[in-house]
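Q: I have a structure to go through and would like to discuss it step by step. Could we look at it together?

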Amino acid sequence: MADTKVYRASTTAPVNIAVVKYWGKRDAKLNLPTNSSLSVTLSQADLRTLTTASCSTANKDDVLLLNGEPSDLTGARTQACLRELRDRRAALESKDASLPKLSAMRLLLVSENNFPTAAGLASSAAGFAALVRAVADLYELPSSPTELSLIARQGSGSACRSLFGGYVAWQMGSRADGLDSQAVEVAPASHWPEMRALILVASAAKKGVSSTSGMQQTVATSGLFQQRIADVVPRNMKSMEDAVAARDFAAFAEVTMRDSNSFHATCADTYPPIFYMNDVSRAAVRAVEAINAAAGKTVAAYTFDAGPNAVVYYLEENKDLILGAFYPLLEKLDGWKDGAKGLKSTVQFDEAVSSTITSGVSRVIMTGVGEGPQKTDVYLVSEDGKPVSTSA
Ligand code: DP6
């Protein structure tokens, strides 16, 4: 009898923000980087993608719905992920004839973020990590998170780090086939659970130059970039691993800020130059410096990805100082949690810094270090194979 069953699996996956940045590909097709990188996985209570992967013989084509809208699945990167996952399922099916032939069925993938797209946060890392994890669970693949990171990497480089919680390294690897370019856990979230992040959203606009094309231009034209990948990043990776192991915030913060500065310097050294940071970003840098000067030690660290949003890392024990410095400037905005409301620290910012932040930041996100992908029984595909929405 024909198999008409709808098979389903759901997972959530987190966003990660690098403290040693991935910037540059040595192989664009396999998405192999020119340097290793290290990130902090952020809590899924605040930022996560929920994806249900389903398949049945009734599906006519592979379909992806993202936040309720049909989304393109034909891109080479997505296709590479789906092909690898199907190949692994097919290998299991060929060894065990009792397994249903899921690899031959078309997929319905339904995905939702719990944060507004208008937050201007790159969601591709969480998106590809959730897609790969959900399909791997649907196919009951015995693959470890590191094995799945090799697949997610091909969707989007930074996605490979979202297969783990806590503190995560993407080892660049040296093989031409990329089989050693994978993510590993440096330390679980429980090793250093006090890590917090305040995100200052400076622009919700889609970024001017995408990371993919920006990094290609940097590789092709920047001389400074050569020094970054040969010297700066290897040193930063080592210092960062030591700082995380020792839970040394001052060291963690210095490497984070230096590495962000180094990455943005190579962007400025790209020809023609690429500018991701803007006046609001630079005001956030000055604000963090003022906080650290007032504290007499390094209690906050800024970092910026391929856009102007500032991510400020700090420890829970210093929350009154950090949140109390920003809250009075941004109290009207969405995103503050109860612990921050009404806080006012003694840190004084220059008038120009205060006014740039007040006028340029559009929302805040208060979050912290968190766990990796979680299997869930919340489904975005019904038992009879139809998309459902949790937000409707
Ligand atoms: C600045 O992972 O978005 O955020 O592999 O081309 O999809 P692709 O690039 P992507 O680049 C992220 C760059 C970064 C730094 C980082 O996350 O390490």
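Q: Leaving aside its neighbours within four places in sequence, which residues is proline 328 in contact with?
A: Proline 328 is in contact with Leu323, Leu343 and Lys344; contact means heavy atoms within 4.5 Å. This is a predicted model, in which local features need pLDDT of at least 70 and side-chain atom pairs count only at pLDDT 80 or more, whereas totals for chains, interfaces and linings use all residues. Residues are numbered from 1 along each chain as its sequence is written, and side-chain values use heavy atoms, with hydrogens and water left out.

Q: Where is the place of proline 328?
A: Proline 328 is in helix 8, residues 319–330. Helices (H or I, at least four residues) and strands (E, at least two) are DSSP runs, numbered from the N terminus. Proline 328 is partly exposed, with a relative accessible area of 31%. On this scale buried means under 20% relative accessible area, exposed over 50%, and partly exposed in between, with a 1.4 Å probe and protein chains only.

Q: Next, asparagine 292. Which helix is it found in?
A: Asparagine 292 belongs to helix 7, residues 279–295. With 12% relative accessibility, asparagine 292 counts as buried.

Q: What does asparagine 292 touch, not counting residues up to four places away in sequence?
A: Asparagine 292 touches Met257, Lys297, Thr298, Val299 and Ala300. A polar atom of the asparagine 292 side chain lies 3.0 Å from the backbone nitrogen of alanine 300.

Q: On to the open sheet of four strands: what is its order?
A: The order is 13-14-12-15, with antiparallel pairing; two strands pair if DSSP finds at least two bridges between them. Strand 13 (300–303) and strand 15 (363–368) stand at the edges with a single partner strand each, so one side of each is left without a neighbour in the sheet. On average, neighbouring strands of this sheet are turned by 20° against each other, direction ignored.

Q: How many bridges join strand 13 to strand 14?
A: Four bridges join strand 13 to strand 14 (residues 310–315), and the two run antiparallel. Alanine 301 has tyrosine 313 in strand 14 as its bridge partner.

Q: Which strands does helix 6 lie across?
A: Helix 6 (residues 249–268) lies across strand 12 (195–201), strand 13 and strand 14, at about 25° to strand 13. For such angles, axes are lines fitted to C-alpha atoms, for helices over the stretch in contact, and angles run from 0 to 180 degrees between N-to-C directions.

Q: And strand 9: how many of its residues are buried?
A: In strand 9 (residues 106–113), seven of its eight residues are buried. Strand 9 pairs with strand 6 (residues 48–56) in the antiparallel sense over eight bridges, and with strand 7 (residues 63–66) in the parallel sense over four bridges. Threonine 51 stands opposite serine 111 in strand 9, while valine 63 has leucine 108 of strand 9 as its bridge partner.

Q: How many disulfides does the structure hold?
A: The structure holds zero disulfides, a disulfide being a pair of cysteine sulfur atoms within 2.5 Å. For cysteine 55, the nearest cysteine sulfur is that of cysteine 81, 17 Å away. Cysteine 55 counts as buried, at 0% relative accessibility.

Technical notes
Polar contact = N/O pair within 3.5 Å; in protein donor to acceptor, adjacent residues only side chain to side chain.
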